[in-house]
Amino acid sequence: MNFSGKYQVQTQENYEAFMKAVGMPDDIIQKGKDVKGVSEIVQNGKHFKFTITAGSKVIQNEFTLGEECEMEFMTGEKIKAVVQLEGDNKLVTTFKGIKSVTEFSGDTVTSTMTKGDIVFKRVSKRI
């Protein structure tokens, strides 16, 4: 399955609770809670480039499946992670006590990030 495309956030659940749990300042949480960010994914075999634009903030991350990489987290912090492909439609990684799962189904992408008992869910559609 090729994941390349542009996707815009349609809905999100538990944004504020999750952002507080990962240490995001309240003023940034308030600015970002209603932003309908856009993610652009470019896939070349096992190599991925994600560009996430939310308001004026742009985060770019690149990784190759199964290899350790350095990525920028939404807090601006640099983290090391290994992204794995589960089945043929899920990208999964764990870092700093957070499990991230990005599942592709047709033109819909469902992303969940779980820290403790807080699950942040974001659903995006291809644009």
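# A guided tour of the predicted model

Begin by selecting Lys 57, which is partly exposed, with a relative accessible area of 38%. Please keep in mind throughout that this structure is a predicted model.

**The salt bridge of Lys 57.** The side chains of Lys 57 and Glu 72 form a salt bridge, at 3.5 Å from N to O. Lys 57 belongs to strand S4 and Glu 72 to strand S5 (residues 68–72), so that distant parts of the chain, 15 residues apart, are linked by this pair.

**Strands S3 and S4.** Now display residues 57–64, which make up strand S4, together with S3; the two strands pair in the antiparallel sense over eight bridges. To see one of these pairings, select Phe 50, whose bridge partner in S4 is Asn 61. Then move to the hairpin of S3 and S4, where two residues lie between the strands and Gly 55 takes a positive phi near 65°.

**Strands S2 and S3.** Select residues 38–44 for strand S2 and residues 47–54 for strand S3; these run antiparallel and are joined by seven bridges. Val 38 has Thr 53 as its bridge partner in S3. The hairpin of S2 and S3 also has two residues between the strands, and Gly 45 adopts a positive phi near 65° there.

Select residues 5–22, which the unreviewed UniProt entry annotates as "domain: Cytosolic fatty-acid binding proteins". Over this stretch the chain is 39% helix and 50% strand, and its end C-alpha atoms lie 28 Å apart.

**Glu 16 and Lys 33.** Which residue forms a salt bridge with Glu 16? Select Lys 33: the closest N and O atoms of this pair are 3.8 Å apart.

**Lys 96 and Glu 77.** Finally, select these two residues, whose side chains meet in a salt bridge of 2.9 Å, N to O. Lys 96 is in the loop between strand S8 (90–95) and strand S9 (98–105), while Glu 77 is in the loop between S5 and strand S6 (78–82); the pair links distant parts of the chain, 19 residues apart. Is Lys 96 buried or exposed? Lys 96 is exposed, with a relative accessible area of 52%, whereas Glu 77 is partly exposed, at 32%. The count for the model comes to four salt bridges.

Terms used
Residues are numbered from 1 along each chain as its sequence is written. This is a predicted model: local features need pLDDT of at least 70, side-chain atom pairs count only at pLDDT 80 or more; totals for chains, interfaces and linings use all residues. Side-chain values use heavy atoms; hydrogens and water are left out. UniProt positions are given in the numbering used here, feature names are shortened, and annotations may be inferred rather than shown by experiment. Helices (H or I, at least four residues) and strands (E, at least two) are DSSP runs, numbered from the N terminus. Two strands pair if DSSP finds at least two bridges between them. Buried means under 20% relative accessible area, exposed over 50%, partly exposed in between (1.4 Å probe, protein chains only).
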